[in-house]
Amino acid sequence: MRSFERASLQPVKGYVPGEQPQNQALVKLNTNENPYPPAPEVLAALSEIPAEALRRYPNPTAEAFRRRAANLHGLTPDQLIATNGGDELLRLIFHTFAERGEQVLTTEPSYSLYEVLAAVHGITLNAVPLDAAFAVPEDFETTLAESKARIAFVVNPHAPSGKLFTRDEVRRWLEVFQGVLVIDEAYVDFVSPARKHELVSLIETHPNLLLLRTLSKGYGLAGLRFGYGLGQAALLAPMRHKTQDSYSTDAVAQQLAERALEAQDYAATTWERVRDSRAALQQGLRALGLSCFQSETNFVLTRVPGGAAEARRLCDCARDAGILLRYFDTPRLRDCIRISVGTEAQQASLLAAWQAALA
Ligand SMILES: *Cc1c(COP(=O)(O)O)cnc(C)c1O
């Protein structure tokens, strides 16, 4: 068949999202959604959206949301860009900071969307392999210092391992890297408070730091499509004024996102419950003889001692029990399974199914 696709796009493999099944009875521990619903205030606001809010165009830059979020983070509204999910921010970052033929850098493994966006934009992706414990290699700072990459992407806490890179590490990377350092904080809400982890204050001193946030995970709003970026005003301005669509976040999403941020206590309660369940899940997996990496996120990566075939068998067995998990068929992750933290009951049925399968 004749293709109308741009020639450079033809070899590109698109992003493969985790399965979103029609069957509502399936337990989804495959895409890191929050197991808890959004705050009651969000649902109340949804039921009260006036027709007028739909008839009119929304505020082009989600001003009210940005004011609320800036307040939460101790920043000014111009240090914040609201986007249609964190994924829109990632696309804008490519559009704004790198030209066709230039380079960007990330780690391997990492969020696979970076690779897709690089390919779509004709940009070379240099993926630096993490070590067996998912730490950066010893010469990572040198690599960054010598890199010609326009952008470097680090997921932190890391996906799919769950590992947290420290503020000191990030600060050293910022100091040597000449391009924009994007710290993808999609999972930062789930970090244990005991870690006292915080990167927002680095924005003031580092013009090349861009933090990504999303309401998809921490606020139970993956369906809403709302995320935001944090950075110095001058860094964000070209995205807000040039590369972003005029009305990329809609009127309903803007209002609900604002309500969600206001309900901090509710959100924090869900994060606490997720952390408790995460500990229970890790304990349960270890009791079955499966090793798991330390996680500061709402998922756990487990390594199956029996290897890739056994990992696939365990995924199939979970599926037979009505539970979806995420399996990555890549050299580094073939013997691993990523399990989103669920409710204690969901996790108990997974562990029971595996106990039977491993007996
Ligand atoms: C979920 C996620 C995002 C953004 O997701 P959105 O739903 O588009 O906000 C970005 N990076 C990583 C690593 C993620 O897991």
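**Entry 1: strand 8**

Which residues of strand 8 are buried on one side and which on the other? I looked: Gly227 and Gly229 lie on one side, Tyr228 and Leu230 on the other, and all are buried. Buried means under 20% relative accessible area, exposed over 50%, and partly exposed in between, with a 1.4 Å probe and protein chains only. Strands are DSSP runs of E with at least two residues, helices are runs of H or I with at least four, and both are numbered from the N terminus.

I noted the ground rules. This is a predicted model, in which local features need pLDDT of at least 70 and side-chain atom pairs count only at pLDDT 80 or more, while totals for chains, interfaces and linings use all residues. Residues are numbered from 1 along each chain as its sequence is written, and side-chain values use heavy atoms, with hydrogens and water left out.

**Entry 2: the partners of strand 8**

I checked which strands pair with strand 8. Two strands pair if DSSP finds at least two bridges between them. Strand 2 (residues 80-83) pairs with strand 8 (residues 227-230) in the antiparallel sense over four bridges. Thr83 has Gly227 as its bridge partner. Strand 7 also pairs with strand 8 in the antiparallel sense, over four bridges. Here Arg213 has Tyr228 as its bridge partner.

Then I looked at the side chains of strand 2. Leu80 and Ala82 point one way, Ile81 and Thr83 the other way, and all are buried.

**Entry 3: the cores**

I looked up the nonpolar cores. A nonpolar core is a set of buried Ala, Val, Leu, Ile, Met, Phe, Trp, Tyr and Cys residues joined through side-chain atoms within 4.5 Å. The largest has 89 residues, and Phe65, Ile93 and Leu210 have the most contacts inside it. I followed Phe65. Leaving aside neighbours within four places in sequence, its contacts (heavy atoms within 4.5 Å) include Leu80 and Ala82 of strand 2. Tyr228 is also among the contacts of Phe65. A second, separate core of 23 residues includes Cys292, Val300, Leu351 and Trp354.

**Entry 4: cysteines**

How many disulfides does the structure hold? I found zero. A disulfide is a pair of cysteine sulfur atoms within 2.5 Å. For Cys315 the nearest cysteine sulfur, that of Cys317, is 9.4 Å away. Cys315 is buried, with a relative accessible area of 13%. For Cys336 the nearest is the sulfur of Cys315, 11 Å away. Cys336 is buried too, with a relative accessible area of 1%.

**Entry 5: aromatic rings**

I found 12 aromatic pairs. Rings of Phe, Tyr and Trp (its six-membered ring) pair if their centres lie within 6.5 Å; planes under 30 degrees apart count as stacked, over 60 as edge-to-face and the rest as tilted. Phe140 and Trp173 have ring centres 5.2 Å apart and planes at 85°, so they are edge-to-face. Phe140 lies in helix 6 and Trp173 in helix 7, so the pair ties together parts 33 residues apart in sequence. Both residues are buried.

I also checked Tyr187 and Phe299. Their ring centres are 4.9 Å apart and their planes are at 85°, so this pair is edge-to-face. Arg338 lies over the face of Phe299, at 5.6 Å from the ring centre. A charge sits over a ring if NZ of Lys or CZ of Arg is within 6 Å of the ring centre and within 35 degrees of the ring normal.
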